[in-house]
Structure formats: C-alpha cells, structure tokens
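Keep the structure open while you read.

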Amino acid sequence: MAEPVRQRLEECARSGSKADRALATYILAKTASIPFETAATLAEKVGVSEPTVGRFCRSLGFKSFKDLKEQFRQDIGDRPWLIADRLKEFQERSLAGEDALAQSLQLEIAGLVAVYELARSPEWKRVVTRLTTARRVFVAGFQTERAMADMFAYQLQYLRDGVQRLDLAGGNFIELLATDPSGVCLVMFEARRYSRLAQVLAQEAKKAGIPVTLITDAFCAWAPDLVDEMFTVPTEFNLFWDSTAPMASLVNLMMNAVSIEIGPSVEARMTRVSQLYSHFTGHVGDTGGAEK
C-alpha cells in the first residue's frame, strides 16, 4: 500500500530538493487552506514556478496537484478538512463537556474577537497616530510580560526610528524620566500579580506629562487613573497559566496599523534593516554576510 500523503510530504520536507522542501513544508503548515489553492496560486505563494509544482506532485506519485489534494482529503478521512468543520467539532465536544481544551478554544476565539474589536476603537486610532509621530517611543514589560514588550519594541524598530526598551536592571528609568518629555510616549505590558515597578513607572510618567498606553488583563484596578489608554485583553482560558496570546495578537494588529499610518517609507526602512542584517549577520541562503 502506498504511503499516506502526509507521510510522503513529511519525508519530502526533510530530504527533498530546496523547492520541494518549500512546497512540502507549506502544504503541511497550511492544510486548512490547501483545498482552495491551485497549482498557480501555490507556486506564487511559495515562490516557485507552476511547472515546479507539477514536477513536485509527480515526484510524490501524483498525476497533478489536483490529484494530490484529492488523495490528501481521503487520507484525512473522517477528520475535518476545512477550518469551519474543525471549529464545529470542537464546539460540539465542548457543549457535551467532553474536552477541556475545547472549552479553552472557545474562550480563546472569543478573546481574539475582543482584540479585533479593540482595533476599531477611538483609543486605538489615537495610539496608532502617537506611535507613528512621537519623537521617541519607550516600551516596558514586567515579569512574564517582558516577552510581549520585547516583541512590540523589536517589531516597531523595523517600522520606525527612536524606539527603545526600558532597562529594568538599572532601577531608575533615566532613559525615559530624565529626558526631554516632549514628543515622548510609553507603552507598557503588565498582568497580575502586578509588579510594583509598573505602578510607580506609570505614576512618574504621568507626573512628567508623558502619555502612557497600557496593555493588560481584565483585573487591573490600579491603572485607569494613571494611563492615557488601557487596552484590556482576555487572558483566562481555563489553562494552567494565563495566556499572553491575545497580547501578541494585539501587537500584530498594532504593527499593521502603524505600518499603514506611516505609509510607503516603511518599505524603504525595512529594506535597509534587512540589508544591514544580511551584511552583518546573514539570513539562511545568503551568499554574502559580514566581510572577513
């Protein structure tokens, strides 16, 4: 009996040619969208030619990409093929009380919707404009939320100049509080149990007249009087640890909005950033790199 399609794709992703590995990896990662692809659209998304897709399929034992899709569907069998079916199955199991993870999924989907609703608020538009026009943007995160602050700062640095992570180890935040406050803003990430540092930093920023945007959970009672905007995201999904996934979704949406607000100059900056990285460090497949 022939090997299942998934197994053939996994083997190809490990040992195939460069183009074949790229195609196999994409198909395995995008199972839910593959039914809607054609050989032409797949080729465009992976960055290969349409004939290459045909050769790839034949190398795996299929007549065409259409044939591969059909066999893939049969391999999955009773398992859902489209994302809507998968969500329906999870919902049914959740209502039947059979699966705690299914309940968590429902909560997380609702949380994601809530984040997208925040992106339509007047406060959101105000923050996006500030992040685009501010002379300097400082970012802070405390405890486990430091990772979200890093993500926000590093991504925003790709889009614009003047972005800096606050140094928690220094113990005095002089980068922010001992500088000219004009044209300066602060973005903070924090969730319970809240660090005393977060509250004190917000208080001092307010005294200095520095606008503060806080991304936090639904239990933050100390912040409303200290910050200019507070984006409250759901974090409780019946999991062992409160989830920061909605914060990450908010970061992605905000980066998208800022890039649109900045306009065409974003492309030039990102190209320059990529060139510098390629020169000093290098990406996989680069022939250049730092001079020796």
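## A cis bond in a loop

Let's start with Arg193, which sits in the loop between β3 (184-189) and α11 (196-207). This is a predicted model, so treat what follows as a reading of that prediction. The peptide bond running from Arg192 to Arg193 is cis, and its omega is near -10°. For background, most peptide bonds are trans.

Arg192 and Arg193 also turn up together in the lining of the largest pocket, along with Ala191.

## The largest pocket

How much space lies in the largest pocket? The figure is about 190 Å³.

If you sort the lining by residue type, you get 3 nonpolar, 5 polar and 4 charged residues.

You'll find Gln143 in the loop between β1 (136-141) and α9 (146-159).

Phe173 is another non-glycine residue with a positive phi, near 55°. Its place is the loop between β2 (163-165) and α10 (174-177). As a reminder, most residues other than glycine have a negative phi.

Are these two buried or partly exposed? Gln143 counts as partly exposed because its relative accessibility is 41%. Phe173 has a relative accessible area of 6%, so it is buried.

## Around Asp217

Now go to Asp217, in the loop between β4 (212-216) and β5 (229-232). With a relative accessibility of 1%, Asp217 counts as buried.

Which residues does Asp217 touch, leaving aside those up to four places away in sequence? They are Glu190, Ala191, Arg192, Tyr194, Thr232, Val233 and Thr235. Thr232 is 15 residues from Asp217 in sequence, yet the two C-alpha atoms are 5.2 Å apart in space.

## Cysteines

If you're wondering about disulfides, the structure holds 0 of them. Cys12 is in no disulfide, and the nearest cysteine sulfur, belonging to Cys57, is 10.0 Å away. A disulfide here would need the two sulfur atoms within 2.5 Å.

Cys12 counts as buried because its relative accessibility is 8%. Cys220 has a relative accessible area of 7%, so it is buried as well.

Stepping back, the protein has 13 helices and 5 strands. It runs to 292 residues, of which 37% count as buried. Take the contacts between residues at least 6 apart in sequence: 63% of them join residues at least 24 apart.

As for confidence, pLDDT averages 87 over the protein, and 88% of the residues score at least 70. Where does pLDDT stay under 50? That happens over residues 77-82, for which the model has 13 contacts beyond four places in sequence.

How values were computed
Residues numbered from 1 in each chain as written. Predicted model: local features only at pLDDT ≥ 70, side-chain atom pairs only at ≥ 80, totals over all residues. Heavy atoms only, no water. 1 Å grid on protein atoms, 1.4 Å probe; cavity = no way out; pocket = protein on both sides within 12 Å on 5 of 7 lines; lining within 4 Å. Points joined across faces, edges and corners; volume = space filled by probe spheres on them. Nonpolar A, V, L, I, M, F, W, Y, C, P; charged D, E, K, R; others polar. pLDDT = per-residue confidence, 0-100. Contact = heavy atoms within 4.5 Å. Buried < 20%, exposed > 50% of the residue type's maximum accessible area, 1.4 Å probe, protein only. Helix = DSSP H or I, 4+ residues; strand = E, 2+ residues; numbered from the N terminus.
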